[in-house]
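Let's take a walk through a protein model together. Keep the sequence and the picture open as you read.

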Amino acid sequence: MTVAPPDAAVLEAGFAKALVDAGWTDPTVTVGATASAGANRRTLMIEIDSGGTTTPAVAQLGGIGLNSLSLAVEGRVVALADAAGMAVAAPLASSDTDDAVGAPFLISRRVDGLTVPRHVLRAVAERPELGATLARQCGTALATLHAIDVDEVPEIERLTDPTPILAYRRRLHQLADMAPPSPAIALGLRWLAAHPPEPAPPAIVHGDARNGNLIVDEATGLAAIIDWELAHVGDPMEDLAWLCLRCWRFREDDRVVGGFGDLDDLRDAYVEAGGRWRDDAFRWWQVARTIWWGLALRLQAQAFVAGASTSLVLAASGRRTAELEYDLLVLIEPT
Amino acid sequence: MQDEPSATALLDAVADTLEQRVLPGTDPSVQHQVRVAANLCRIVAREAALDPDADARARAALAELVGHDGPSGALWAELAARLTPDAVEPPDPALDELAAAAHPAVLAIVRDKLAVAKPGYDVPSGATP
């Protein structure tokens, strides 16, 4: 089940109108190739001609998934991050309704670079200093995001009641109630309950900052952090822990940060840019997000078993759960 | 009872065909699904070979933890239900002993699952989660 591609002429007219509303002068939009078509969203390459210059851009079309943001709200969060100086794909125009082109959309500036994790890791293998640079840039970018005043984005979910830790535990229990049972997950939930970290002020959390959602320039490193649909207000250490989970290292397990960098580089850059690093919260969120991904895979497999999807990729998720169970049991192993 | 080739050999042959013959000529948008299909064939081949013994081991370990015998899947679910804490209340200390005993037993079962689904994932290689 994917988002159907609407007629190019309809898209071009609808995008142009939204760009006019965003302040562009006489924009002409040309729709190019479909870059990706996922379960909820379709991404198109587009060109915007205005005032004699051509701006390469991407348009994302589609609805919203479980616990994720609408494209227009996502655009407003990315605009805040852009204004704060974070490396992002700057949003140009958006619509939260189906009126213009038959689906909500977000148009963003196109950022060139590598996004496929194995391509990123191949570039790092050829030029090892790129890995350290990337790890530092991720630390700086996340510290910049986490310094934004959370009151500036009223619309995104606040996973903060009464604290980010307790709110996220509640979220995990809701998912665990829906997913096929696992004693490994149960042991992880017990560990989370027994090891709450000291609380910290809530921040805007990207929610999915990891190798695969980074655009990487082979020469200069981090060009943008993309895919903000899981952004929320919560504990800033959630982002740093997720970036460092083993499932995003793509077998380069000794390089903790995304398979490309060392934890020291990430942590030092995060602290130098004003972030507050908390070791106990880092570990807590590693456990919490490992449980979350383990539950998400179980729910994907369950969607196949229940007949809600015929996707082979979702079916295969049912044989990936053991990886997350293993990582989880090692993370919480009594010492 | 079937003649040769065995189910395992057939699944490996399907995986080889998908990877070596089908994948190169496949539209890029479908290549990932072909890779997943080939990998699933190899997983199922290993599952056919390894799972009967692994299931017997899991059942014995789980039966000892929950205190009675049953199908391994039902025992797995029962242990999970007993160990899952309340979303708000602190974990029941009366279950600490069961949790401590369950950790190594569940880890052993998960290693058996990995031997089928992702061999080598649990080999210590300096890998820290």
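This is a predicted model: local features need pLDDT of at least 70, side-chain atom pairs count only at pLDDT 80 or more; totals for chains, interfaces and linings use all residues.

Residues are numbered from 1 along each chain as its sequence is written, while chains are lettered from A and ligands numbered from 1 in the order in which they are written.

Start where the two chains meet. Here 34 residues of chain A are in contact with 33 residues of chain B; "in contact" is said of two residues whose C-beta atoms, placed from the backbone, lie within 7 Å. On chain A's side, the elements giving two or more residues are α5 (164–178), α6 (183–194), α10 (312–317) and α11 (321–331). Those labels come from DSSP runs, numbered from the N terminus: helices are H or I with at least four residues, and strands are E with at least two. The most comes from α6(A), with 9 residues. Sort chain A's side by type and you get 20 nonpolar, 3 polar and 11 charged residues. For that sorting, Ala, Val, Leu, Ile, Met, Phe, Trp, Tyr, Cys and Pro count as nonpolar, Asp, Glu, Lys and Arg as charged, and the others, Gly among them, as polar.

Now look for a hairpin in chain A: β7(A) is joined to β8(A) through 3 residues. The two strands, β7 (residues 214–217) and β8 (residues 221–225), run antiparallel and share 4 bridges.

Most residues other than glycine have a negative phi, and most peptide bonds are trans. Yet the bond from Asp161(A) to Pro162(A) is cis, with omega near -5°, and Pro162(A) lies in the loop between α4 (129–146) and α5 of chain A. Over in chain B, the bond from Glu4(B) to Pro5(B) is cis too, with omega near 5°; Pro5(B) is in the segment before α1 (7–22) of that chain.

As for phi, Asp26(A) has a positive value near 45°, in the loop between α1 (8–21) and β1 (28–37) of chain A. Arg251(A) also has a positive phi, near 75°, and its place is the loop between α7 (237–243) and α8 (263–272) of chain A.

Note on methods. Two strands pair if DSSP finds at least two bridges between them.
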